[in-house]
Amino acid sequence: MLKVISTENAPAAVGPYSQAIEAGQFVYVSGQLPLIPGKGELVKGDIKAATKQSLENAKAILEAAGCTFKDVVKVTVLLNDITQFAEMNQVYAEYFTEHKPARAAFEVANLPLYADVEIEMIAYKA
């Protein structure tokens with residue numbers, strides 16, 4: 001059984017997809033751009049500010065599904081400039097301290113709305 005997860009504490013989807021889908025004990029969080037909830041604008045600043053906003057958006061969706069970052073098993077980070085990996089990773093490490101899920105990070109040609117970063121997650125509800 002599939003359940004759509006939605007919250008006003010994260011940006012609305014910018015296309016034909018859900019913020020997250022709960023499938024059995026897994027929650028699949030769609031890629032989160034650094035959009036400010038309720039405004040639809042990209043956060044201003046550098047990659048650190050963008051990473052923080054993307055993670056905060058994912059956090060709100062996880063909470064709506066009854067999860068936390070401790071439930072995350074896999075993260076994918078998409079960057080428009082891989083040279084910003086270290087700065088992104090610095091902020092990321094503030095959110096995943098003791099629990100460190102599997103992760104992949106890629107440089108891509110472009111992201112929606114020409115964002116600097118997009119972060120998607122898979123969580124497991126025990």
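Visitor: How do you know whether F69 and Y95 are buried or exposed in this structure?

Guide: In this predicted model, both F69 and Y95 are buried. The word applies because each residue has under 20% relative accessible area.

Visitor: What makes F69 and Y95 an aromatic pair, and which kind of pair is it?

Guide: The ring centres of F69 and Y95 are 5.6 Å apart, and rings pair if their centres lie within 6.5 Å. The planes form an angle of 80°; an angle over 60 degrees counts as edge-to-face, so this pair is edge-to-face.

Visitor: Why is this pair said to tie parts of the chain together?

Guide: F69 belongs to the loop between α1 and β6, whereas Y95 belongs to helix α2, so the pair links parts that lie 26 residues apart in sequence. Together with Y92 and F96, these two residues form one aromatic cluster.

Visitor: Why is the pair of F26 and Y28 called tilted?

Guide: The planes of F26 and Y28 are 35° apart. Stacked requires under 30 degrees and edge-to-face over 60, so the pair is tilted. The centres are 6.3 Å apart.

Visitor: Why is F26 called partly exposed?

Guide: The relative accessible area of F26 is 31%, which falls between 20% and 50%, so F26 is partly exposed. Y28, at 40%, is partly exposed by this reasoning as well.

Visitor: What makes R103 count as lying over the face of Y92?

Guide: R103 is 4.4 Å from the ring centre of Y92, and the distance condition is within 6 Å.

Technical notes:
Residues numbered from 1 in each chain as written. Predicted model: local features only at pLDDT ≥ 70, side-chain atom pairs only at ≥ 80, totals over all residues. Heavy atoms only, no water. Phe/Tyr/Trp six-rings, centres within 6.5 Å; stacked < 30°, edge-to-face > 60°. Buried < 20%, exposed > 50% of the residue type's maximum accessible area, 1.4 Å probe, protein only. Helix = DSSP H or I, 4+ residues; strand = E, 2+ residues; numbered from the N terminus. Lys NZ or Arg CZ within 6 Å of the ring centre and 35° of its normal.
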